[in-house]
There are 2 protein chains.
Amino acid sequence: MDEFELIDRLIEILGDNVRGPHILLGPGDDAALIETPPGSLVVASIDTLVGGVHFPLGAPADLIGFRSLGVSLSDLAAMGADPAYVLIALTLPDGSDRWIERFAHGVAAAASRFGVAIAGGNLARGPLNVGVSVHGHVARGEALTRAGARPNDLVCVSGQLGGAAAALSRADLSSPPALSALLAVSADDPLYPLRRYYLPEPRIELGRTLRGLATAAIDISDGLVADLGHLCAASAVAGEIDLEDVPVVAGVDRQLAATGGDDYELCFTIAPRDRERLPNSVTVVGRIGEGSGVVVRSRGQPLQLSRRGFSHFR
Amino acid sequence: MDEFELIDRLIEILGDNVRGPHILLGPGDDAALIETPPGSLVVASIDTLVGGVHFPLGAPADLIGFRSLGVSLSDLAAMGADPAYVLIALTLPDGSDRWIERFAHGVAAAASRFGVAIAGGNLARGPLNVGVSVHGHVARGEALTRAGARPNDLVCVSGQLGGAAAALSRADLSSPPALSALLAVSADDPLYPLRRYYLPEPRIELGRTLRGLATAAIDISDGLVADLGHLCAASAVAGEIDLEDVPVVAGVDRQLAATGGDDYELCFTIAPRDRERLPNSVTVVGRIGEGSGVVVRSRGQPLQLSRRGFSHFR
């Protein structure tokens with residue numbers, strides 16, 4: 001298949017996922033046409049997954065497709081936005097039709113699961129690279145940002161941390177179960193870290209719940225300590241984490257869980273009086289103070305962490 | 001500089017270009033916040049430039065930055081949209097601070113010239129890859145699309161073609177003049193093809209003029225013959241081009257001009273009665289008929305072209 005036949009095949013596999021309530025014109029023209037609900041703002045972010053850096057080059061293409069959507073939609077969850085549409089820029093080394101088709105199946109599975117339309121994309125030849133531009137809507141004045149945390153606020157985390165970081169050291173990272181089987185793996189299964197790594201679940205519903213409740217929010221992509229650091233910097237406050245309170249995926253080292261990236265849970269702050277409004281899936285792990293930086297305490301003592309989170313270009 | 005220091009430096013270089021009339025929150029949070037003018041739709045597209053494929057790996061970084069914006073904004077011009085904001089996903093092999101800074105200067109120059117804000121981005125490590133997601137606005141019902149050309153419509157082209165294709169065979173492709181000098185090169189200068197290749201000018205103002213005038217439009221990225229083919233397929237009509245009427249950059253072979261890509265001029269169709277409403281920068285090069293496919297004629301005879309345009313994955 002040439003480039004244009006491949007694009008037609010991709011659109012065929014995506015099926016209903018190229019349509020959505022706000023998409024007036026989807027893939028196939030020079031650009032897509034999308035309407036913004038009255039009173040809403042557009043929330044927009046872009047992310048890149050590089051083959052051999054953000055996933056093993058031999059990883060199954062459908063898992064890469066699913067992961068690329070999950071990772072980028074997590075930014076919308078952190079803003080409290082409703083997902084609307086994504087644009088996908090796929091660069092891959094050769095015309096491996098089967099790879100692209102399998103990638104599209106993974107994208108379609110994630111798009112269905114997370115309620116987002118594939119409004120357009122681009123196909124180019126080169127080293128494997130998946131760029132995803134995500135777009136959502138949020139009522140004006142209701143978006144969550146990193147700025148807004150105040151001294152005495154509580155620091156909260158959704159779900160359990162460390163699963164994705166634990167997957168990175170597994171020998172079977174490049175040979176995970178099939179997508180449908182992996183999606184069914186439960187938290188007490190030894191394969192759960194692989195699910196967390198390949199099939200992150202952007203906390204979209206929690207993001208919606210946090211509108212008008214959280215004072216600041218960020219998604220955990222670089223690691224809890226690093227990302228709380230970004231939130232604190234944007235809010236001009238200091239953060240404190242009690243290591244023993246960090247919710248951890250079963251069997252994962254607690255320090256790894258506090259510093260490992262790729263979990264795509266939400267870290268956010270709330271006023272102490274709002275504590276009882278928190279959903280059950282959320283854990284309070286620390287508090288905000290005056291000053292700057294993040295301190296991690298274990299049994300009350302400040303901890304010197306060996307790894308504070310992920311950064312390219314160190 | 002680490003990843004976050006580099007991002008701060010990029011934002012510093014971009015200066016006022018991270019702001020725009022519709023940007024409520026620019027780079028630095030999980031996502032940007034943008035308002036859509038009442039009565040307008042969002043027009044959205046994504047493009048990728050791969051190092052060694054879409055530009056020479058040794059090309060100056062500022063020219064790559066400028067080109068990546070010009071190329072992707074051309075899709076907005078083809079839809080008749082007003083540019084609003086872009087998101088840039090930059091993947092590059094190592095933390096070459098100077099390269100990134102120079103890239104940012106080129107992006108800033110293009111953003112100022114074309115009136116678009118840099119609302120966000122992503123920085124990752126890997127083989128050189130520039131993904132640009134572009135977003136514009138157009139009043140509901142006024143967008144141009146590839147569909148809508150009708151038999152007897154005239155086929156029109158803006159500017160002159162073939163400059164970018166001619167640049168590809170030049171020995172000095174990797175060592176062009178500095179950005180400011182190249183922007184000043186005029187059409188009769190032997191260096192003009194290099195300007196056309198590195199500094200494409202998306203025909204945004206023409207796109208605006210064509211609202212309510214063109215029956216269909218596309219930008220010329222793959223080559224006139226190939227792109228008119230896409231327009232005809234979307235419109236379910238046939239196209240005919242008179243090779244002698246194709247407007248050509250001085251000194252460029254006419255067949256190369258008709259098939260070479262990367263010109264980022266507009267190809268569009270109008271009803272014959274609207275011919276006198278065309279701006280001077282536009283040339284009528286053929287007509288639309290019933291059927292499918294594109295025929296190129298030279299002195300009235302159908303021509304067998306050796307190259308019909310660019311396609312990855314052949």
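Both faces of strand 10 of chain A are covered in this predicted model. Leu266(A), Phe268(A) and Ile270(A) are buried on one side, and Cys267(A) and Thr269(A) are buried on the other.

**Partners of strand 10 in chain A**

- Strand 7 (residues 154-158) of chain A runs antiparallel to strand 10 of chain A, and 4 bridges join the two.
- Within chain A, Leu154(A) stands opposite Ile270(A) of strand 10.
- Strand 8 (residues 214-219) of chain A also pairs with strand 10 of chain A in the antiparallel sense, over 5 bridges.
- Ala216(A) has Thr269(A), in strand 10 of chain A, as its bridge partner.

**The sheet in chain B**

- Chain B holds an open sheet of 7 strands, with mixed pairing and the order 8-10-7-11-9-12-13.
- Its edge strands are strand 8 (214-219) and strand 13 (301-302) of chain B, each of which pairs on one side only.
- Strand 7 (residues 154-158) and strand 10 of chain B are joined by 4 bridges in the antiparallel sense.
- Cys156(B) has Phe268(B), in strand 10 of chain B, as its bridge partner.
- Helix 2 (residues 61-78) of chain B lies across strand 8 and strand 10 of chain B, and runs at about 175 degrees to strand 8 of chain B.

**Helix 1 of chain A**

- Helix 1 of chain A has 12 residues (residues 3-14), which at 1.5 Å a residue should span 16 Å; its end C-alpha atoms are 16 Å apart, in agreement with that figure.
- Leu6(A), Leu10(A) and Leu14(A) are the buried residues of helix 1 of chain A.
- Viewed down the axis of helix 1 of chain A, these buried residues fall within an arc of 75 degrees, so they line one face of the helix.
- The buried residues of helix 1 of chain A pack against helix 3 (97-114) and strand 5 (117-125) of chain A.
- Asp8(A) and Glu12(A) are exposed on the other side of helix 1 of chain A.

**Contact between chains A and B**

- Chain A gives 54 residues to the contact, and chain B gives 54 residues.
- On the side of chain A that touches chain B, the largest share, 9 residues, comes from strand 3 (residues 40-50) of chain A.
- The residues on that side of chain A divide into 28 nonpolar, 15 polar and 11 charged.
- Strand 2 (residues 32-34) of chain A and strand 3 (residues 40-50) of chain B run antiparallel and are joined by 3 bridges.
- Leu33(A) has Val43(B), in strand 3 of chain B, as its bridge partner.

**Two loop residues with positive phi**

- Arg299(A) has a phi near 50 degrees, a positive value in a residue other than glycine.
- Arg299(A) sits in the loop between strand 12 (294-298) and strand 13 (301-302) of chain A.
- Arg299(A) counts as exposed because it has 8 C-beta neighbours inside 10 Å, and the cut-off for exposed is 12 or fewer.
- Tyr264(B), which is not a glycine, has a positive phi of about 55 degrees.
- Tyr264(B) is in the loop between helix 9 (254-259) and strand 10 (266-270) of chain B.
- Tyr264(B) counts as buried because it has 25 C-beta neighbours inside 10 Å, and the cut-off for buried is 20 or more.

Technical notes. Residues are numbered from 1 along each chain as its sequence is written. Chains are lettered from A and ligands numbered from 1 in the order in which they are written. This is a predicted model: local features need pLDDT of at least 70, side-chain atom pairs count only at pLDDT 80 or more; totals for chains, interfaces and linings use all residues. The expected span of a helix is 1.5 Å times one less than its number of residues. The arc is that of the directions from the helix axis to the C-beta atoms. Two residues are in contact if their C-beta atoms, placed from the backbone, lie within 7 Å. Ala, Val, Leu, Ile, Met, Phe, Trp, Tyr, Cys and Pro count as nonpolar, Asp, Glu, Lys and Arg as charged, and the others, Gly among them, as polar. Two strands pair if DSSP finds at least two bridges between them. Axes are lines fitted to C-alpha atoms, for helices over the stretch in contact, and angles run from 0 to 180 degrees between N-to-C directions.
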